[in-house]
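Here is a friendly walk through a two-chain model, written for someone who likes to have the geometry at hand. Please keep the structure open as you read.

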Amino acid sequence: MTNQQNSSQDVPDAQRQSELIGYALGLTDADENRRIEASFTDSARLNEICARIRRTLAPLDLDPEPIAPRDFTARIMARVERASGVLKFPNAAEPLEAAEAGTGGGPLMPMRELIGLAAAILLFVGILVPGYRTARNAAQQAMCANNLRTIGGGIAGYTEANSASMPFAGAVPVGGSWMPAGQGDAGSFSNSRNLFLLVRGRYVSPQAFIDPARAGDFAVHASDLDRFDDFPSARNNSYSANLVTAPWRKTEFEPDMPLVADMNPMLDDDRRLIGEGQIPENSRSHGGLNGQNVLRADMSAIWSATPRVGVDNDDIYRVIGVERYTGREVPSMRSDAFLVP
Amino acid sequence: MNRRGDRGSAASDESLLADFLSGDHGSFEILVERHSEDLFRFVSRFIRNSAAAEDVVQETFVQVFQSAAGFDASRRFRPWLFTIAANKARDFLRSRLRKRELPLSQGAGGDASDAVSYLDFLSDDEAAPDSALEAEETRRRVGEVVARMPDNLREVLMLGYFQRFAYKEIADILSIPLGTVKSRLHAAVSHFAQQYRKLEESGSRGRGD
(Lines give C-alpha, C1' and ligand atoms only; values in the text may rest on other atoms or scores of the structure.)
Protein backbone atom coordinates (compact mmCIF):
# COMPACT_ATOMS: atom_id res chain seq x y z
CA MET A 1 0.00 0.00 0.00
CA THR A 2 1.41 3.39 -0.95
CA ASN A 3 1.36 6.51 1.17
CA GLN A 4 -0.27 8.38 -1.70
CA GLN A 5 -3.24 6.01 -1.67
CA ASN A 6 -3.66 6.36 2.10
CA SER A 7 -3.54 10.11 1.87
CA SER A 8 -6.24 10.29 -0.80
CA GLN A 9 -8.50 8.18 1.40
CA ASP A 10 -7.94 10.35 4.48
CA VAL A 11 -9.45 13.48 2.96
CA PRO A 12 -11.80 12.53 0.12
CA ASP A 13 -12.27 15.14 -2.58
CA ALA A 14 -15.63 16.78 -3.21
CA GLN A 15 -16.89 14.23 -5.71
CA ARG A 16 -15.81 11.42 -3.45
CA GLN A 17 -17.54 13.04 -0.49
CA SER A 18 -20.79 13.27 -2.49
CA GLU A 19 -20.68 9.55 -3.14
CA LEU A 20 -19.86 8.79 0.48
CA ILE A 21 -22.77 10.89 1.74
CA GLY A 22 -25.10 8.90 -0.48
CA TYR A 23 -23.54 5.67 0.68
CA ALA A 24 -23.79 6.63 4.36
CA LEU A 25 -27.47 7.55 4.00
CA GLY A 26 -28.36 4.54 1.86
CA LEU A 27 -29.15 6.56 -1.27
CA THR A 28 -26.78 4.75 -3.61
CA ASP A 29 -27.71 1.61 -5.54
CA ALA A 30 -26.09 -1.81 -5.19
CA ASP A 31 -23.55 -1.25 -8.00
CA GLU A 32 -22.39 2.03 -6.53
CA ASN A 33 -22.15 0.47 -3.08
CA ARG A 34 -19.91 -2.29 -4.39
CA ARG A 35 -17.71 0.21 -6.21
CA ILE A 36 -17.35 2.41 -3.13
CA GLU A 37 -16.60 -0.54 -0.85
CA ALA A 38 -14.04 -1.89 -3.31
CA SER A 39 -12.24 1.45 -3.38
CA PHE A 40 -11.45 1.17 0.33
CA THR A 41 -8.80 -1.30 1.29
CA ASP A 42 -9.59 -0.63 4.92
CA SER A 43 -13.31 -1.09 5.60
CA ALA A 44 -12.88 0.39 9.09
CA ARG A 45 -11.92 3.69 7.45
CA LEU A 46 -15.09 3.61 5.32
CA ASN A 47 -17.19 2.91 8.40
CA GLU A 48 -15.51 5.74 10.27
CA ILE A 49 -16.29 8.23 7.48
CA CYS A 50 -19.90 7.07 7.31
CA ALA A 51 -20.26 7.43 11.06
CA ARG A 52 -18.89 10.95 10.85
CA ILE A 53 -21.38 11.88 8.13
CA ARG A 54 -24.26 10.52 10.18
CA ARG A 55 -23.00 12.34 13.25
CA THR A 56 -22.82 15.58 11.29
CA LEU A 57 -26.45 15.21 10.28
CA ALA A 58 -27.74 13.80 13.57
CA PRO A 59 -28.98 17.19 14.86
CA LEU A 60 -31.47 17.15 11.98
CA ASP A 61 -33.36 14.47 13.87
CA LEU A 62 -34.27 17.15 16.39
CA ASP A 63 -36.12 19.16 13.74
CA PRO A 64 -39.69 18.72 15.02
CA GLU A 65 -41.73 16.29 12.94
CA PRO A 66 -44.67 18.14 11.39
CA ILE A 67 -47.99 16.53 12.29
CA ALA A 68 -50.78 16.51 9.75
CA PRO A 69 -54.32 17.43 10.89
CA ARG A 70 -56.33 14.51 12.25
CA ASP A 71 -58.90 14.60 9.45
CA PHE A 72 -56.36 15.29 6.74
CA THR A 73 -57.58 12.60 4.34
CA ALA A 74 -61.16 13.89 4.60
CA ARG A 75 -60.02 17.44 3.94
CA ILE A 76 -58.03 16.36 0.90
CA MET A 77 -60.91 14.29 -0.50
CA ALA A 78 -63.30 17.23 -0.02
CA ARG A 79 -60.91 19.47 -1.94
CA VAL A 80 -60.47 16.89 -4.69
CA GLU A 81 -64.21 16.36 -5.03
CA ARG A 82 -64.82 20.06 -5.23
CA ALA A 83 -62.05 20.76 -7.71
CA SER A 84 -63.02 17.84 -9.87
CA GLY A 85 -66.61 18.91 -10.20
CA VAL A 86 -68.17 15.90 -8.51
CA LEU A 87 -70.00 16.04 -5.24
CA LYS A 88 -69.69 12.32 -4.61
CA PHE A 89 -67.65 9.82 -6.47
CA PRO A 90 -70.20 8.07 -8.65
CA ASN A 91 -71.05 4.43 -8.23
CA ALA A 92 -71.93 3.49 -11.79
CA ALA A 93 -73.33 0.07 -10.92
CA GLU A 94 -76.45 1.24 -9.08
CA PRO A 95 -78.34 3.10 -11.85
CA LEU A 96 -77.53 0.33 -14.33
CA GLU A 97 -78.96 -2.33 -12.06
CA ALA A 98 -82.07 -0.28 -11.50
CA ALA A 99 -82.54 0.19 -15.24
CA GLU A 100 -82.10 -3.50 -15.93
CA ALA A 101 -84.71 -4.41 -13.33
CA GLY A 102 -87.25 -2.25 -15.11
CA THR A 103 -86.91 -3.63 -18.66
CA GLY A 104 -89.76 -5.75 -19.93
CA GLY A 105 -89.85 -8.17 -22.86
CA GLY A 106 -93.17 -7.09 -24.37
CA PRO A 107 -93.56 -6.19 -28.03
CA LEU A 108 -95.07 -2.72 -27.39
CA MET A 109 -92.96 -0.41 -29.56
CA PRO A 110 -94.76 2.83 -28.66
CA MET A 111 -94.30 2.05 -24.97
CA ARG A 112 -90.62 1.31 -25.54
CA GLU A 113 -90.15 4.54 -27.38
CA LEU A 114 -91.93 6.33 -24.60
CA ILE A 115 -89.71 4.71 -22.03
CA GLY A 116 -86.67 5.52 -24.16
CA LEU A 117 -87.71 9.14 -24.40
CA ALA A 118 -88.39 9.34 -20.69
CA ALA A 119 -85.02 7.73 -19.98
CA ALA A 120 -83.29 10.21 -22.27
CA ILE A 121 -85.00 13.12 -20.53
CA LEU A 122 -84.16 11.72 -17.12
CA LEU A 123 -80.60 11.18 -18.27
CA PHE A 124 -80.29 14.77 -19.39
CA VAL A 125 -81.84 16.06 -16.20
CA GLY A 126 -79.79 13.66 -14.12
CA ILE A 127 -76.53 14.57 -15.78
CA LEU A 128 -76.85 18.18 -16.81
CA VAL A 129 -78.71 19.65 -13.84
CA PRO A 130 -76.48 18.22 -11.10
CA GLY A 131 -73.49 18.93 -13.32
CA TYR A 132 -74.57 22.52 -13.70
CA ARG A 133 -75.21 22.86 -9.97
CA THR A 134 -71.89 21.28 -9.14
CA ALA A 135 -70.01 23.51 -11.54
CA ARG A 136 -71.81 26.58 -10.21
CA ASN A 137 -71.10 25.59 -6.59
CA ALA A 138 -67.44 24.98 -7.38
CA ALA A 139 -67.13 28.31 -9.19
CA GLN A 140 -68.77 30.17 -6.31
CA GLN A 141 -66.54 28.45 -3.80
CA ALA A 142 -63.45 29.41 -5.84
CA MET A 143 -64.58 33.04 -6.11
CA CYS A 144 -65.27 33.09 -2.37
CA ALA A 145 -61.76 31.76 -1.65
CA ASN A 146 -60.42 34.48 -3.90
CA ASN A 147 -62.35 37.06 -1.86
CA LEU A 148 -60.67 35.80 1.30
CA ARG A 149 -57.25 36.04 -0.32
CA THR A 150 -58.08 39.61 -1.30
CA ILE A 151 -59.12 40.36 2.27
CA GLY A 152 -55.90 38.73 3.46
CA GLY A 153 -53.94 41.00 1.12
CA GLY A 154 -55.84 43.97 2.56
CA ILE A 155 -55.02 42.90 6.11
CA ALA A 156 -51.35 42.61 5.16
CA GLY A 157 -51.45 46.12 3.67
CA TYR A 158 -53.23 47.48 6.74
CA THR A 159 -50.75 45.95 9.18
CA GLU A 160 -47.80 47.26 7.20
CA ALA A 161 -49.23 50.77 7.35
CA ASN A 162 -50.14 50.48 11.04
CA SER A 163 -47.04 49.12 12.78
CA ALA A 164 -48.21 45.49 12.49
CA SER A 165 -51.49 46.25 14.28
CA MET A 166 -54.45 44.30 12.97
CA PRO A 167 -57.67 46.19 12.12
CA PHE A 168 -59.27 47.01 15.47
CA ALA A 169 -62.13 49.46 15.79
CA GLY A 170 -62.85 48.77 19.44
CA ALA A 171 -63.78 46.04 21.86
CA VAL A 172 -67.11 44.54 22.75
CA PRO A 173 -68.04 46.07 26.15
CA VAL A 174 -67.89 43.68 29.09
CA GLY A 175 -71.15 41.76 29.06
CA GLY A 176 -72.08 43.40 25.76
CA SER A 177 -73.12 41.87 22.47
CA TRP A 178 -71.12 41.30 19.32
CA MET A 179 -74.25 41.31 17.17
CA PRO A 180 -74.23 43.82 14.29
CA ALA A 181 -75.35 47.32 15.23
CA GLY A 182 -79.07 47.78 15.62
CA GLN A 183 -79.74 44.16 16.51
CA GLY A 184 -78.10 43.86 19.87
CA ASP A 185 -78.84 45.83 23.01
CA ALA A 186 -77.36 49.20 23.98
CA GLY A 187 -74.12 47.51 24.90
CA SER A 188 -73.59 46.02 21.46
CA PHE A 189 -70.46 46.52 19.41
CA SER A 190 -70.57 44.90 16.01
CA ASN A 191 -67.55 42.74 15.32
CA SER A 192 -67.75 43.61 11.63
CA ARG A 193 -66.53 47.13 12.44
CA ASN A 194 -63.00 45.73 12.47
CA LEU A 195 -63.30 44.46 8.91
CA PHE A 196 -65.00 47.66 7.83
CA LEU A 197 -61.73 49.49 8.57
CA LEU A 198 -60.30 47.64 5.56
CA VAL A 199 -63.08 48.91 3.32
CA ARG A 200 -63.10 52.42 4.64
CA GLY A 201 -59.32 52.64 4.37
CA ARG A 202 -59.55 51.42 0.73
CA TYR A 203 -57.41 48.37 1.50
CA VAL A 204 -60.13 46.05 0.19
CA SER A 205 -62.93 46.67 -2.29
CA PRO A 206 -66.46 46.37 -0.81
CA GLN A 207 -67.18 43.75 -3.47
CA ALA A 208 -64.61 41.40 -1.89
CA PHE A 209 -66.88 41.06 1.14
CA ILE A 210 -69.69 39.62 -0.97
CA ASP A 211 -69.73 35.85 -1.27
CA PRO A 212 -71.29 34.99 -4.66
CA ALA A 213 -72.87 31.93 -3.05
CA ARG A 214 -75.05 34.18 -0.87
CA ALA A 215 -77.70 35.47 -3.24
CA GLY A 216 -79.10 38.21 -1.02
CA ASP A 217 -75.83 39.93 -0.15
CA PHE A 218 -74.75 43.10 -1.94
CA ALA A 219 -71.75 45.43 -1.76
CA VAL A 220 -71.87 48.68 0.14
CA HIS A 221 -71.85 51.62 -2.26
CA ALA A 222 -68.54 53.44 -2.57
CA SER A 223 -70.19 56.78 -1.81
CA ASP A 224 -71.29 55.41 1.58
CA LEU A 225 -67.84 54.37 2.76
CA ASP A 226 -66.98 57.59 4.55
CA ARG A 227 -70.40 58.00 6.10
CA PHE A 228 -70.34 54.85 8.21
CA ASP A 229 -68.08 53.09 10.66
CA ASP A 230 -69.62 49.68 10.04
CA PHE A 231 -71.24 47.88 7.12
CA PRO A 232 -74.54 49.80 6.84
CA SER A 233 -76.50 46.61 6.19
CA ALA A 234 -75.99 43.13 7.56
CA ARG A 235 -76.17 42.06 3.91
CA ASN A 236 -73.05 44.08 3.00
CA ASN A 237 -70.71 41.53 4.58
CA SER A 238 -70.84 37.81 3.87
CA TYR A 239 -68.09 36.84 6.25
CA SER A 240 -67.35 36.22 9.90
CA ALA A 241 -64.14 37.41 11.55
CA ASN A 242 -62.27 36.38 14.65
CA LEU A 243 -63.82 38.14 17.66
CA VAL A 244 -61.09 39.99 19.52
CA THR A 245 -61.42 41.75 22.82
CA ALA A 246 -58.30 43.91 22.71
CA PRO A 247 -55.93 45.46 20.15
CA TRP A 248 -53.82 42.78 18.58
CA ARG A 249 -50.76 42.50 16.40
CA LYS A 250 -50.26 40.23 13.44
CA THR A 251 -47.25 38.57 15.01
CA GLU A 252 -49.23 37.46 18.06
CA PHE A 253 -51.06 34.73 16.20
CA GLU A 254 -50.14 31.22 15.20
CA PRO A 255 -49.82 30.95 11.39
CA ASP A 256 -52.84 28.64 11.24
CA MET A 257 -55.07 30.85 13.40
CA PRO A 258 -58.32 31.47 11.46
CA LEU A 259 -59.03 35.16 10.88
CA VAL A 260 -61.96 35.32 8.48
CA ALA A 261 -64.29 32.60 7.19
CA ASP A 262 -67.68 32.00 5.64
CA MET A 263 -70.67 33.12 7.71
CA ASN A 264 -71.12 31.53 11.14
CA PRO A 265 -73.89 28.89 10.90
CA MET A 266 -75.49 30.12 14.14
CA LEU A 267 -76.82 33.18 12.30
CA ASP A 268 -79.52 33.37 9.66
CA ASP A 269 -79.29 35.49 6.51
CA ASP A 270 -80.22 38.59 8.49
CA ARG A 271 -77.65 37.84 11.18
CA ARG A 272 -80.18 36.73 13.79
CA LEU A 273 -79.32 33.81 16.03
CA ILE A 274 -81.21 30.76 14.88
CA GLY A 275 -82.89 28.29 17.15
CA GLU A 276 -80.97 25.78 19.15
CA GLY A 277 -80.97 22.32 17.63
CA GLN A 278 -81.23 23.68 14.10
CA ILE A 279 -77.65 24.85 13.85
CA PRO A 280 -75.60 22.95 11.28
CA GLU A 281 -71.96 22.28 12.01
CA ASN A 282 -70.62 23.99 8.89
CA SER A 283 -71.37 27.41 7.46
CA ARG A 284 -74.51 27.45 5.32
CA SER A 285 -72.95 29.82 2.76
CA HIS A 286 -71.94 26.95 0.48
CA GLY A 287 -74.76 24.64 1.42
CA GLY A 288 -74.26 22.30 -1.53
CA LEU A 289 -70.66 21.65 -0.63
CA ASN A 290 -70.91 21.29 3.16
CA GLY A 291 -67.83 23.14 4.31
CA GLN A 292 -66.33 26.60 4.44
CA ASN A 293 -63.50 28.74 3.18
CA VAL A 294 -61.16 29.97 5.87
CA LEU A 295 -58.48 32.66 5.78
CA ARG A 296 -55.68 32.00 8.23
CA ALA A 297 -53.09 34.27 9.83
CA ASP A 298 -50.44 33.21 7.33
CA MET A 299 -52.84 34.60 4.70
CA SER A 300 -53.53 31.23 3.11
CA ALA A 301 -57.15 30.53 2.18
CA ILE A 302 -58.21 26.92 2.60
CA TRP A 303 -61.40 24.94 2.15
CA SER A 304 -62.34 22.80 5.12
CA ALA A 305 -65.07 20.18 5.32
CA THR A 306 -65.21 20.72 9.08
CA PRO A 307 -65.25 23.85 11.27
CA ARG A 308 -62.59 22.24 13.47
CA VAL A 309 -59.83 23.97 11.59
CA GLY A 310 -58.55 26.28 14.33
CA VAL A 311 -55.46 25.81 16.48
CA ASP A 312 -55.50 22.26 17.91
CA ASN A 313 -58.64 21.46 15.89
CA ASP A 314 -60.65 24.18 17.61
CA ASP A 315 -64.17 24.79 16.22
CA ILE A 316 -63.96 28.25 14.66
CA TYR A 317 -67.69 28.96 15.02
CA ARG A 318 -68.09 28.08 18.67
CA VAL A 319 -66.56 29.15 21.98
CA ILE A 320 -64.94 26.37 23.96
CA GLY A 321 -67.35 25.13 26.62
CA VAL A 322 -70.39 27.16 25.47
CA GLU A 323 -73.52 25.44 24.18
CA ARG A 324 -76.22 28.14 24.31
CA TYR A 325 -75.55 31.41 22.52
CA THR A 326 -77.06 34.82 23.20
CA GLY A 327 -74.65 37.08 21.32
CA ARG A 328 -72.56 37.92 24.39
CA GLU A 329 -70.03 35.11 24.27
CA VAL A 330 -66.34 35.87 23.98
CA PRO A 331 -63.40 33.51 23.33
CA SER A 332 -62.08 31.80 26.41
CA MET A 333 -58.46 32.28 25.38
CA ARG A 334 -56.47 33.73 22.53
CA SER A 335 -56.10 30.41 20.71
CA ASP A 336 -59.89 29.87 20.91
CA ALA A 337 -61.05 31.25 17.58
CA PHE A 338 -64.63 32.48 17.52
CA LEU A 339 -65.65 33.88 14.15
CA VAL A 340 -68.76 36.05 14.04
CA PRO A 341 -69.91 38.86 11.72
CA MET B 1 -62.53 -3.71 10.26
CA ASN B 2 -62.02 -1.38 7.36
CA ARG B 3 -62.32 -3.41 4.18
CA ARG B 4 -60.86 -0.61 2.11
CA GLY B 5 -57.84 -0.43 4.39
CA ASP B 6 -57.30 -4.20 4.14
CA ARG B 7 -57.39 -4.10 0.38
CA GLY B 8 -55.20 -1.02 0.30
CA SER B 9 -52.52 -2.51 2.50
CA ALA B 10 -51.95 -5.33 0.02
CA ALA B 11 -52.00 -3.40 -3.23
CA SER B 12 -49.11 -1.46 -4.69
CA ASP B 13 -49.45 2.25 -5.35
CA GLU B 14 -49.25 1.67 -9.07
CA SER B 15 -52.02 -0.94 -9.08
CA LEU B 16 -54.23 1.33 -6.96
CA LEU B 17 -53.73 4.11 -9.47
CA ALA B 18 -54.63 1.71 -12.28
CA ASP B 19 -57.77 0.68 -10.37
CA PHE B 20 -58.66 4.33 -9.92
CA LEU B 21 -58.28 4.93 -13.66
CA SER B 22 -60.59 1.98 -14.25
CA GLY B 23 -63.30 3.71 -12.25
CA ASP B 24 -62.62 2.55 -8.69
CA HIS B 25 -62.52 5.90 -6.93
CA GLY B 26 -62.02 4.27 -3.54
CA SER B 27 -58.50 3.38 -4.67
CA PHE B 28 -57.70 7.04 -4.92
CA GLU B 29 -58.71 7.58 -1.31
CA ILE B 30 -56.43 4.75 -0.25
CA LEU B 31 -53.53 6.49 -2.01
CA VAL B 32 -54.40 9.70 -0.17
CA GLU B 33 -54.53 7.88 3.16
CA ARG B 34 -51.26 6.14 2.44
CA HIS B 35 -49.19 9.13 1.38
CA SER B 36 -50.76 12.34 2.67
CA GLU B 37 -49.02 12.42 6.05
CA ASP B 38 -45.60 11.62 4.63
CA LEU B 39 -46.09 14.22 1.92
CA PHE B 40 -47.21 16.75 4.52
CA ARG B 41 -44.03 16.15 6.52
CA PHE B 42 -41.85 16.70 3.47
CA VAL B 43 -43.65 19.83 2.25
CA SER B 44 -43.90 21.27 5.73
CA ARG B 45 -40.19 20.81 6.37
CA PHE B 46 -39.32 22.16 2.94
CA ILE B 47 -41.39 25.35 3.01
CA ARG B 48 -41.23 25.71 6.84
CA ASN B 49 -44.91 26.57 7.12
CA SER B 50 -47.33 23.85 8.18
CA ALA B 51 -50.46 25.86 7.35
CA ALA B 52 -49.38 26.47 3.78
CA ALA B 53 -48.11 22.89 3.55
CA GLU B 54 -51.66 21.66 4.06
CA ASP B 55 -52.77 23.76 1.12
CA VAL B 56 -49.88 22.53 -1.04
CA VAL B 57 -50.61 18.88 -0.25
CA GLN B 58 -54.31 19.33 -1.03
CA GLU B 59 -53.43 20.93 -4.37
CA THR B 60 -50.99 18.10 -5.07
CA PHE B 61 -53.69 15.46 -4.73
CA VAL B 62 -56.10 17.51 -6.81
CA GLN B 63 -53.50 17.50 -9.58
CA VAL B 64 -52.88 13.78 -9.16
CA PHE B 65 -56.63 13.20 -9.48
CA GLN B 66 -56.84 15.29 -12.61
CA SER B 67 -53.60 14.08 -14.23
CA ALA B 68 -53.68 10.40 -13.29
CA ALA B 69 -54.42 9.37 -16.87
CA GLY B 70 -51.09 10.87 -17.91
CA PHE B 71 -49.08 8.85 -15.39
CA ASP B 72 -46.34 6.77 -16.99
CA ALA B 73 -47.17 3.27 -15.78
CA SER B 74 -43.54 2.20 -16.06
CA ARG B 75 -42.60 4.65 -13.30
CA ARG B 76 -43.18 4.44 -9.58
CA PHE B 77 -46.05 6.42 -8.12
CA ARG B 78 -44.37 7.85 -5.02
CA PRO B 79 -41.57 9.77 -6.79
CA TRP B 80 -44.18 11.13 -9.23
CA LEU B 81 -46.31 12.29 -6.31
CA PHE B 82 -43.33 14.02 -4.73
CA THR B 83 -42.43 15.61 -8.06
CA ILE B 84 -45.82 17.33 -8.14
CA ALA B 85 -45.59 18.32 -4.49
CA ALA B 86 -42.05 19.69 -4.87
CA ASN B 87 -43.13 21.79 -7.86
CA LYS B 88 -46.08 23.22 -5.96
CA ALA B 89 -43.95 23.86 -2.89
CA ARG B 90 -41.43 25.77 -5.03
CA ASP B 91 -44.31 27.77 -6.53
CA PHE B 92 -45.37 28.67 -3.00
CA LEU B 93 -41.87 29.78 -2.03
CA ARG B 94 -41.59 31.87 -5.19
CA SER B 95 -44.95 33.54 -4.61
CA ARG B 96 -44.01 34.28 -1.01
CA LEU B 97 -40.79 35.92 -2.17
CA ARG B 98 -42.74 38.01 -4.64
CA LYS B 99 -45.08 39.14 -1.88
CA ARG B 100 -42.46 39.97 0.71
CA GLU B 101 -38.83 40.47 -0.28
CA LEU B 102 -37.50 38.31 2.49
CA PRO B 103 -33.86 38.90 3.36
CA LEU B 104 -33.22 35.22 2.93
CA SER B 105 -29.66 34.48 3.84
CA GLN B 106 -28.04 32.46 1.11
CA GLY B 107 -24.85 31.82 3.03
CA ALA B 108 -21.33 32.45 1.84
CA GLY B 109 -21.99 31.07 -1.59
CA GLY B 110 -24.20 34.02 -2.60
CA ASP B 111 -27.08 32.69 -4.65
CA ALA B 112 -28.39 29.21 -4.40
CA SER B 113 -27.11 28.05 -7.75
CA ASP B 114 -25.39 24.80 -8.43
CA ALA B 115 -22.00 26.52 -8.28
CA VAL B 116 -21.73 25.51 -4.66
CA SER B 117 -18.55 25.78 -2.69
CA TYR B 118 -17.41 22.53 -1.23
CA LEU B 119 -16.59 22.58 2.40
CA ASP B 120 -14.33 19.78 3.48
CA PHE B 121 -16.41 19.10 6.54
CA LEU B 122 -15.00 15.62 6.71
CA SER B 123 -11.52 16.94 7.15
CA ASP B 124 -12.54 18.69 10.36
CA ASP B 125 -12.96 16.88 13.57
CA GLU B 126 -16.73 17.10 13.54
CA ALA B 127 -17.96 17.21 17.09
CA ALA B 128 -21.09 15.38 18.04
CA PRO B 129 -23.95 17.63 19.17
CA ASP B 130 -23.37 18.74 22.72
CA SER B 131 -25.52 16.35 24.69
CA ALA B 132 -25.55 18.78 27.61
CA LEU B 133 -27.37 21.43 25.58
CA GLU B 134 -30.98 22.01 26.32
CA ALA B 135 -33.00 20.04 23.78
CA GLU B 136 -35.18 23.04 23.02
CA GLU B 137 -32.20 25.25 22.25
CA THR B 138 -30.76 22.63 19.93
CA ARG B 139 -34.09 22.25 18.17
CA ARG B 140 -34.29 25.98 17.68
CA ARG B 141 -30.81 26.07 16.17
CA VAL B 142 -31.54 23.19 13.82
CA GLY B 143 -34.77 24.84 12.72
CA GLU B 144 -33.00 28.13 12.12
CA VAL B 145 -30.22 26.57 10.06
CA VAL B 146 -32.61 24.53 7.95
CA ALA B 147 -34.94 27.49 7.39
CA ARG B 148 -32.08 29.71 6.22
CA MET B 149 -30.65 27.10 3.89
CA PRO B 150 -31.06 27.93 0.18
CA ASP B 151 -34.27 26.37 -1.09
CA ASN B 152 -32.65 24.05 -3.61
CA LEU B 153 -30.27 22.64 -1.01
CA ARG B 154 -32.98 22.22 1.63
CA GLU B 155 -35.17 20.43 -0.88
CA VAL B 156 -32.51 17.84 -1.69
CA LEU B 157 -31.62 17.41 1.97
CA MET B 158 -35.27 16.77 2.92
CA LEU B 159 -35.73 14.24 0.11
CA GLY B 160 -32.46 12.47 0.89
CA TYR B 161 -32.28 12.59 4.66
CA PHE B 162 -35.90 12.41 5.79
CA GLN B 163 -37.63 10.72 2.85
CA ARG B 164 -34.64 8.51 1.97
CA PHE B 165 -35.25 8.65 -1.74
CA ALA B 166 -32.38 7.13 -3.74
CA TYR B 167 -30.12 9.51 -5.67
CA LYS B 168 -31.73 8.43 -8.94
CA GLU B 169 -35.23 9.00 -7.60
CA ILE B 170 -34.31 12.47 -6.37
CA ALA B 171 -32.96 13.21 -9.85
CA ASP B 172 -36.31 12.09 -11.30
CA ILE B 173 -38.36 14.06 -8.79
CA LEU B 174 -36.46 17.29 -9.33
CA SER B 175 -35.77 16.71 -13.05
CA ILE B 176 -32.08 17.43 -12.63
CA PRO B 177 -29.00 15.34 -13.56
CA LEU B 178 -27.77 12.74 -11.13
CA GLY B 179 -24.46 14.58 -10.73
CA THR B 180 -26.33 17.72 -9.71
CA VAL B 181 -28.24 15.81 -7.04
CA LYS B 182 -24.97 14.56 -5.58
CA SER B 183 -23.31 17.94 -5.62
CA ARG B 184 -26.37 19.64 -4.12
CA LEU B 185 -26.66 17.10 -1.32
CA HIS B 186 -22.99 17.52 -0.59
CA ALA B 187 -23.42 21.29 -0.54
CA ALA B 188 -26.46 20.92 1.71
CA VAL B 189 -24.60 18.74 4.20
CA SER B 190 -21.64 21.13 4.17
CA HIS B 191 -23.91 24.12 4.60
CA PHE B 192 -25.75 22.52 7.48
CA ALA B 193 -22.54 21.45 9.25
CA GLN B 194 -20.96 24.88 8.82
CA GLN B 195 -23.96 26.95 9.88
CA TYR B 196 -24.90 24.67 12.77
CA ARG B 197 -21.35 24.87 14.08
CA LYS B 198 -21.39 28.68 13.79
CA LEU B 199 -24.60 28.92 15.76
CA GLU B 200 -23.31 26.49 18.32
CA GLU B 201 -20.13 28.52 18.77
CA SER B 202 -22.01 31.80 19.08
CA GLY B 203 -24.31 30.12 21.61
CA SER B 204 -21.33 28.93 23.63
CA ARG B 205 -19.83 32.44 23.63
CA GLY B 206 -23.19 33.86 24.70
CA ARG B 207 -23.28 31.48 27.65
CA GLY B 208 -19.66 32.32 28.49
CA ASP B 209 -18.52 28.70 28.09
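Predicted model: local features only at pLDDT ≥ 70, side-chain atom pairs only at ≥ 80, totals over all residues.

Chain A has eight helices and five strands. Reading from its N terminus, the elements run α-α-α-α-α-α-α-α-β-β-β-β-β. Chain A is 341 residues long, and 34% of them count as buried. If you take its contacts with a sequence separation of 6 or more, 62% are between residues 24 or more positions apart.

Chain B is built from nine helices and zero strands. Its 209 residues include 42% that are buried. For contacts in chain B between residues at least 6 apart in sequence, the share joining residues at least 24 apart is 69%.

## A helix pair inside chain B

Two packed helices are described by the angle between their axes and the distance between the axes. For α3(B) and α4(B), the axes come within 9 Å and cross at roughly 140°. The crossing of α3(B) past α4(B) is right-handed.

On the α3(B) side, the residues in this contact include B:Phe28, B:Val32, B:Leu39, B:Phe40 and B:Val43. From α4(B) come, among them, B:Ala53, B:Val56, B:Val57, B:Phe61 and B:Phe65. Sorted by class, the contact of α3(B) with α4(B) has 12 nonpolar, four polar and one charged residue.

In soluble globular proteins, nonpolar side chains tend to be buried together. Here the largest nonpolar core holds 63 residues, and B:Val43 and B:Ala85 have the most contacts inside it. The element that gives the most to this core is α3(B), with 10 residues.

Which residues does B:Val43 touch, once its neighbours within four places in sequence are left aside? They are B:Ala53, B:Val56, B:Val57, B:Ala85 and B:Ala89. A second core, separate and made of 44 residues, includes A:Ile155, A:Leu198, A:Ala208 and A:Val294.

## Where the chains meet

The contact between the chains draws 45 residues from chain A and 52 residues from chain B. On the chain B side, α3 (25–47), α4 (50–67), α6 (135–148), α7 (151–162), α8 (167–174) and α9 (178–207) each supply at least two residues. The largest share of this side, 12 residues, belongs to α4(B). By class, the side of chain B that touches chain A has 25 nonpolar, 14 polar and 13 charged residues.

## A helix pair across the chains

Back to α4(B), this time with a partner from the other chain. Helix α5 (residues 72–83) of chain A packs against α4(B) at an angle of about 50°, with the axes 9 Å apart. This makes α5(A) and α4(B) oblique to each other, and their crossing is right-handed.

From α5(A), the contact uses A:Arg75, A:Ile76, A:Arg79, A:Val80 and A:Ala83. The residues of α4(B) in it are B:Val57, B:Gln58, B:Phe61, B:Val62 and B:Phe65. Seven nonpolar, one polar and two charged residues make up the contact of α5(A) with α4(B). B:Val57, B:Phe61 and B:Phe65 also belong to the contact of α3(B) with α4(B).

Methods
Residues numbered from 1 in each chain as written. Chains lettered and ligands numbered in written order. Contact = placed C-beta atoms within 7 Å. Helix = DSSP H or I, 4+ residues; strand = E, 2+ residues; numbered from the N terminus. Nonpolar A, V, L, I, M, F, W, Y, C, P; charged D, E, K, R; others polar. Axes fitted to C-alpha atoms, helices over the stretch in contact; angles between N-to-C directions. Parallel < 35°, antiparallel > 145°, perpendicular 65-115°, else oblique. Left-handed = near helix turned anticlockwise from the far one by under 90°. Core = buried A, V, L, I, M, F, W, Y, C linked by C-beta atoms within 7 Å. Buried ≥ 20, exposed ≤ 12 C-beta atoms within 10 Å, placed from the backbone.
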